[in-house]
Amino acid sequence: MRMHHHHYCDDLGVICAYFVSCVVGTAHTMACILGMWCAGLMADRFFRRRYKSLLIALYAVSFIGFLWILCMLDTSTFKFASRVPRSTTQVFVAVSVVGFVRSATVPLLYELAAEITYPQPEGTSAALVVMAEHITLLSLLFTASHVSLTVLNLTCLGGLGLCPLVLLPLRSRYLRMDAEDSFCARSIPTAHHNLSVGNLCAEESGTDTLLINA
């Protein structure tokens, strides 16, 4: 009877751990979707021509958040990790925040790449970003079975910390925006001219009609 109760408790613990993992994973996915959507709104309204600054800030927050997760889940990684408070709720919040912030960098990277490489097609710059991402993922996939989990986590943490350092010396040029603004500046006088000509023709037409009626 005790043996049966012991196995029942073990199975219940596995089910609870699986349920918590599913909830955390779902929260991470929803946070990623929300982060991508909010990134576009923030970039268009508040960070126009400042994508680089926003990306650096987001990567810095991602680095801090991932470090927080590591300290909560693996106390052997850093000496100070044992002093970091931890709970299921805190892990839930940390994973959601990191998912939100890290995913917000994805559309901004595409936009910045399109701006820098203009007048090259946007599909070309997007393909290069995707190719670099998949090369990184494949490298981690093939090396994951040969290194410890701690090394893998530290590699991901180092990658997040390296991203803002790579962006800092980058000269952000918004060539596509310059071209669009220049086109709009040339189009507006033309539109005003066409409108004025149209009004003049309408007035002349109205004058002719009055003369005929007279």
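The legends below describe close-up views of helix packing and backbone detail in a predicted model.

Residues are numbered from 1 along each chain as its sequence is written. Local features need pLDDT of at least 70 and side-chain atom pairs count only at pLDDT 80 or more, whereas totals for chains, interfaces and linings use all residues, and side-chain values use heavy atoms, with hydrogens and water left out.

**View 1. Packing of helix H2 against helix H5.** Helices, here DSSP runs of H or I with at least four residues, are numbered from the N terminus. H2 and H5 (residues 149-167) pack at an angle of about 160°, with their axes 9 Å apart; axes are lines fitted to C-alpha atoms over the stretch in contact, and angles run from 0 to 180 degrees between N-to-C directions. H2 is therefore roughly antiparallel to H5, a term for angles over 145 degrees.

**View 2. Packing of helix H2 against helix H3.** The axes of H2 (residues 51-73) and H3 come within 8 Å and cross at roughly 155°, so the two helices, H2 and H3, are roughly antiparallel to each other. Divided by class, the contact of H2 with H3 has 20 nonpolar, four polar and four charged residues.

**View 3. Crossing of helices H3 and H4.** On the H3 side, Tyr110, Ala113, Ala114 and Thr117 meet Glu122, Ser125, Ala126, Val129 and Val130 in H4. Six nonpolar, two polar and one charged residue make up the contact of H3 with H4.

**View 4. The bend in H3 and two loop residues.** H3 bends by about 25° at Pro107, the bend being the angle between axes fitted to the seven residues ending there and the seven starting there. In the loop between H3 and H4 lies Pro119, and the peptide bond from Tyr118 to Pro119 is cis, with omega near 15°. Arg49, found in the loop between helix H1 (2-45) and H2, has phi near 65°, a positive value in a residue other than glycine.

Definitions and conventions:
Contact = heavy atoms within 4.5 Å. Nonpolar A, V, L, I, M, F, W, Y, C, P; charged D, E, K, R; others polar. Parallel < 35°, antiparallel > 145°, perpendicular 65-115°, else oblique.
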